[in-house]
Amino acid sequence: MGHRNSDVGAGAGAGVDGNTSGQGDPAPGDPAAPPGTASLDLNQLRTFLAVYRSGSFTAAARLLGLSQPTVTAQIRSLERRLDRELFERLPRGAAPAPFADELAARVVEPLDTLAEVAGHGGDSSAEPVHLAGPAELLSHCVLPRIAPLVERGVVLRVATGLTDDLLEEMRAGRHDLLIATARPRGRALASVPLADEEFVLVTSAGWAERIGGAARLAADGPAVLHGVPLVAYAEDLPIVRRYWRHVFGKRLVCKPAVTMPDLRAVKAAVTGGAGFSVLPRYLCLDELASGALVLLNDPDDPPINTGYLVQRPGSSDNPHVALVRDHLLESARGW
C-alpha cells in the first residue's frame, strides 16, 4: 500500500508564519521567542510525530517518504526552536525525552485533524483501510458493527491470521489497524485495550445429559469429562490448557479427538455432538440461549483475554483509518 505524502504547509519547508525551515530560527533563549512559543513548522511537527510514533528516525523517514538525513535535520531544527531535546538517539531507534511526551500530547489531535482535512481535499476516491485480526472475532463482532461505515464511503480490506504473523505484516506496512490477542512489544506500534473475551467450558445437550451436566462437574470435578472427546483449536491445546490451570488448578492431561484452527468450526463440531471444548463466550451466546450448547461450569473468576487495537504509524494520513478506529473503540463496549 503506497503512502500518501501530502504536506500541510505551503512548501517543503514552509512554517506556520510562512518562513522557510532553517531561515530565521530563533536562537535558544532569545527573549523574543521563548521555548514553546516560537512559530513552529508544520512539516517538522509531522516529522516529530512520525518519529515519536514509530520510535525510529529510519522508520519515520520510510513512512513520510523522506530521506533519513532530512528527518534528522528537521528534528534538530525543531529542537533548536524549542530549546529542548526531543529524542535520545539509541543504537537502534530513538527514545522520546520527557518533553517529547508533552509535545506529542499537544499536537497529535490537531495534526491528525489537519491530515484528515487534507485527505478530504484531495482525491475523491477513498483509500482502503486495511484491517486485520482473528477470523472469529472479525466475523462475529467486528464486521457486523462496522458495516454501516461502508455506506459512508469507507473501503475495507480485511485479513485474518495469528497475532504474531499479523504484527510482522503490520510492521512491514500491510495493515493499518489490527486487533491483537496480546499487547505488542516495544513502542513502534501504538495500542489500546479494546475488549475482554471470557472463555467458557461447553458441550452439547446430549453429552451434558450423559455426564450429569454442571451439577456433577461441580461435585466431582473435571474427572467427569474423562471419556468425553475433546474438540480443540490446536494440537497443543492453548485455550483449554489455560482454562484448566486457571479454573481447576490442574494440568490438563488429554489429547484432542478433533482439531480445527477456527473456533467457529470447533463450535459447530461441539454443537453437533463431537464432545466438549472451551470457547469465547461471545461466540456461543446464541447456542447457549437456545440450549444447543450447555455451560458446564460458571466460575466466579473465569479466564479472560484482553484484545488490543493496534494502529500502524503513519496510517493517520488516511482519515478513514481514524473513523474505523474510533467506531471500533465505541462498538467494543457492547461485545
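# Helix packing and cores in a predicted model

Reader: At what angle do helix 1 and helix 3 pack in this predicted model?
Author: The structure is a predicted model. In it, helix 1 covers residues 42–54 and helix 3 covers residues 68–82. Their axes are 9 Å apart, and the two helices pack at an angle of about 110°.

Reader: Is helix 1 roughly parallel or roughly perpendicular to helix 3?
Author: Angles from 65 to 115 degrees count as roughly perpendicular. The angle between helix 1 and helix 3 is about 110°. Helix 1 is therefore, relative to helix 3, roughly perpendicular.

Reader: Which residues of helix 1 and helix 3 make the contact, and how many of them are charged?
Author: Helix 1 contributes Asn43, Gln44, Leu45, Thr47, Phe48 and Val51. From helix 3 come Val71, Gln74, Ile75, Ser77, Leu78 and Arg81. By class, six residues of this contact are nonpolar and five are polar, and the number of charged residues is one.

Reader: How far apart in space are Arg76 and Gln44?
Author: Arg76 sits in helix 3. Its relative accessible area is 49%, so Arg76 is partly exposed. Along the sequence, Arg76 and Gln44 are 32 residues apart, while in space the separation, C-alpha to C-alpha, is 9.4 Å.

Reader: Is helix 2 roughly antiparallel or roughly perpendicular to helix 3?
Author: Helix 2 spans residues 57–64, and its axis comes within 8 Å of the axis of helix 3. The two cross at roughly 110°. Helix 2 is therefore, relative to helix 3, roughly perpendicular.

Reader: How many nonpolar residues are in the contact of helix 2 with helix 3?
Author: The helix 2 side consists of Phe57, Thr58 and Ala61. The helix 3 side consists of Gln68, Val71, Thr72 and Ile75. No charged residues take part; three are polar, and the nonpolar ones number four.

Reader: Which residues of helix 2 are buried?
Author: Helix 2 is mostly covered, with six of its eight residues buried. The cover over these buried residues includes helix 1, helix 3, strand 1 (87–89) and strand 2 (94–96). The buried residues are Phe57, Ala59, Ala60, Ala61, Leu63 and Leu64.

Reader: Why does Ala61 count as buried, and which residues does it touch?
Author: Ala61 belongs to helix 2. Buried means under 20% relative accessible area, and Ala61 is buried because its value is 5%. The C-alpha atoms of Ala61 and Thr72 are separated by 9.0 Å, although the two are eleven residues apart along the chain. Leaving out residues up to four places away in sequence, Ala61 touches Leu66, Ser67, Gln68 and Val71.

Reader: Which residues touch the most other members of the largest nonpolar core?
Author: The largest nonpolar core has 50 residues. Leu225 is in contact with Leu201, Ile211, Leu217, Trp244, Phe276 and Leu296, leaving aside neighbours within four places in sequence. Another core lies apart from the largest one and has 24 residues, among them Leu40, Phe48, Val71 and Val107. In the largest core, those touching the most other members are Val142, Leu201, Leu225, Trp244 and Val324.

Reader: Is Leu237 buried or exposed?
Author: Most residues other than glycine have a negative phi. Leu237 is not a glycine, yet its phi is positive, at about 55°. This residue lies in the loop between strand 7 (231–232) and helix 9 (238–248). Its relative accessibility is 5%, so Leu237 counts as buried.

Reader: What is the relative accessible area of Asp83?
Author: Asp83 is found in the loop between helix 3 and strand 1. Phi of Asp83 is near 55°, a positive value in a residue other than glycine. Asp83 is partly exposed, and its relative accessible area is 37%.

Reader: How many disulfides does a search of the whole structure find?
Author: A disulfide is a covalent bond between the sulfur atoms of two cysteines. Cys141 is buried, at 3% relative accessible area, and Cys284 is buried, at 0% relative accessibility. The number of disulfides found in the whole structure is zero.

Reader: What share of the contacts in the protein with a separation of 6 or more joins residues 24 or more positions apart?
Author: The secondary structure comes to twelve helices and eleven strands. Of the 335 residues in the protein, 44% are buried. Among contacts with a separation of 6 or more, the share from residues 24 or more positions apart is 74%.

Key: Residues numbered from 1 in each chain as written. Predicted model: local features only at pLDDT ≥ 70, side-chain atom pairs only at ≥ 80, totals over all residues. Heavy atoms only, no water. Axes fitted to C-alpha atoms, helices over the stretch in contact; angles between N-to-C directions. Helix = DSSP H or I, 4+ residues; strand = E, 2+ residues; numbered from the N terminus. Parallel < 35°, antiparallel > 145°, perpendicular 65-115°, else oblique. Contact = heavy atoms within 4.5 Å. Nonpolar A, V, L, I, M, F, W, Y, C, P; charged D, E, K, R; others polar. Core = buried A, V, L, I, M, F, W, Y, C linked by side-chain atoms within 4.5 Å. Buried < 20%, exposed > 50% of the residue type's maximum accessible area, 1.4 Å probe, protein only. Disulfide = S-S within 2.5 Å.
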